[in-house]
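Please look over the sequence and structure first.

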Amino acid sequence: MARERRPWAAAAAAAVLLVVSCVAAAPLQQHKHDRISGNNAAGGVLDDDPVGKLKVFVYEMPRKYNHNLLAKDSRCLSHMFAAEIFMHQFLLSSAVRTLDPEEADWFYTPVYTTCDLTPQGFPLPFRAPRIMRSAIKYVAATWPFWNRTEGADHFFLTPHDFGACFHYQEERAMERGILPLLRRATLVQTFGQRNHVCLQDGSITIPPYANPHKMQAHLINPGTPRSIFGRARASVWENFKDNPLFDISTEHPSTYYEDMQRAIFCLCPLGWAPWSPRLVEAVVFGCIPVIIADDIVLPFSDAIPWDDISVFVAEKDVPRLDSILTSIPLDDIIRRQRLLATDSVKQALLFHQPTRPGDAFHQILNGLARKLPHGKGVFLQPGEKVLDWNAGLENDLKPW
């Protein structure tokens, strides 16, 4: 059964809230997160260098799986799922790439399933299962490496709303489940929610793509005073539209980025799918994320110290949001702001072009390196089969 969405999460309206003062109170309760992969303490691996720790072989695919899709509609370079494309470009020139598949730790199939766009530019995943199945079939028929593990030493970027469940509506995504042929592979995806059928064990949760150059162009003087501020959805409007501490608007102002830099807090509530780029924008602009998403798995949770840079508010406590935020002690706010100002934290959430040390590309590679060496059962015995090529929805089995 699909997870019930709160009314504030279902609404699309953005809201602005402004509170003018903070009042000291008891310290915040720490919110603990499940780790999806890795054994290092959060925050202790941000500066790891993946070079020398793994080798990746990039399959050379027919252009119809990537370049032609991008040429057909270049808008997929700018939406929140664009990491799928930029990861391919990054790996082609990365020092971890190997041209000898026999020495590879991981195999990567560059297929751009998020480039199937509506006329308005929104990614639709309806053809994605057929595209992905076709790509895997090509890989399995062309090289021997897929067949010896049935994908267990392969990773795929699947940054749709619900990852490799390939649907933007949660109920339908859960009905579909993860594409059967990907159930031994490592999935690198923006979706992460504990105990959800669309989150596979061993997945690496990454941030959505937010254009670094666009944010850089909107930087203001770092000495600009901050007020308590954030953006939220319907419940904030309903609960606080008449509260004198809040100045709320349903419009998306042209000064959005500048406003975030004048803010102490930026609200990051769960929506129809877990994240928009707002979480990334909040961190980059030094605005403490107020995370309202009880079951969320945060990006790079084995590396980024989310407990120390964010505030967590339970979904049931949204009506008390004003008192919660205004009761946070000033020294607690300052401590979180100082951690947010750390370059390594900001870099880890951004897909820079050209790449920079410690950025999101490197965090993905570090996540893959921490999964090595591959465990028992990765390599199959000759003739052994685990995956069923005939499993899945009838429409997904059609040729692409």
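## A pair within one helix

Arg336 and Asp332 both lie in helix H13 (residues 330–340); being four residues apart, they are separated by about one helical turn. Helices here are DSSP runs of H or I with at least four residues, strands are runs of E with at least two, and both are numbered from the N terminus. Arg336 and Asp332 form a salt bridge, with the closest N and O atoms 2.8 Å apart. A salt bridge means a side-chain nitrogen of Lys or Arg within 4 Å of a carboxyl oxygen of Asp or Glu. Both Arg336 and Asp332 are buried. Buried stands for under 20% relative accessible area, exposed for over 50%, and partly exposed for what lies in between (1.4 Å probe, protein chains only).

## Basis of the model

The model is predicted: local features need pLDDT of at least 70, side-chain atom pairs count only at pLDDT 80 or more, and totals for chains, interfaces and linings use all residues. Residues are numbered from 1 along each chain as its sequence is written, and side-chain values use heavy atoms, with hydrogens and water left out.

## Other salt bridges

Side chains of opposite charge can pair when their charged atoms come close. How many salt bridges does a search of the whole structure find? The search finds 12. One of them joins Asp259 and Arg262, with the closest N and O atoms 3.4 Å apart. Asp259 counts as buried at 17% relative accessibility. Arg262 counts as partly exposed at 37%.

Asp317 and Arg320 also meet through their side chains in a salt bridge, at 3.6 Å from N to O. Asp317 is buried, with a relative accessible area of 15%. Arg320 is partly exposed, at 44%.

## A salt-bridge network

Asp48, Asp302 and Arg370 are linked in a network of salt bridges. Asp302 sits in the loop between strand S9 (288–292) and helix H11 (306–309). Its relative accessibility is 5%, so Asp302 counts as buried. The side chains of Asp302 and Arg370 are also joined by a polar contact of 2.9 Å. A polar contact is a pair of N or O atoms within 3.5 Å; within protein, one must be able to donate a hydrogen and the other to accept it, and residues adjacent in sequence count only if both atoms are side-chain atoms.

## Disulfides

The count comes to three disulfides, a disulfide being a pair of cysteine sulfur atoms within 2.5 Å. Cys76 is joined to Cys115, S to S 2.1 Å. This link of Cys76 and Cys115 is right-handed, with 80° about the S-S bond. Cys76 lies in the loop between helix H2 (67–72) and helix H3 (83–92), and Cys115 in the loop between strand S3 (106–108) and helix H4 (128–142), so the pair ties together parts that are 39 residues apart in sequence. Both cysteines, Cys76 and Cys115, are buried.

Cys165 and Cys198 form a disulfide with their sulfur atoms 2.2 Å apart. The link of Cys165 and Cys198 is left-handed, with -110° about the S-S bond. Cys266 and Cys287 are joined by a disulfide, S to S 2.2 Å. The link of Cys266 and Cys287 is right-handed, with 105° about the S-S bond. Cys266 is in strand S8 (residues 265–269) and Cys287 in the loop between helix H10 (278–284) and S9, 21 residues apart. With the bonded cysteines numbered in sequence order, the pairing is 1-2, 3-4, 5-6.

Cys268 is buried, with a relative accessible area of 2%.

## Backbone features

A cis peptide bond joins Gln353 and Pro354, with omega about 0°. Pro354 lies in the loop between helix H14 (343–347) and helix H15 (360–369). H15 is mostly covered, with 10 of its 10 residues buried. A cis peptide bond also joins Leu372 and Pro373, with omega about -5°. Pro373 lies in the segment after H15.

Glu150 has a phi near 50°, a positive value in a residue other than glycine. Glu150 is buried at 2% relative accessible area, in the loop between helix H5 (145–149) and strand S4 (154–157). Phi of Phe166 is near 50°, again a positive value in a residue other than glycine. Phe166 is found in the loop between S4 and helix H6 (170–176). Phe166 is buried, with a relative accessible area of 0%.
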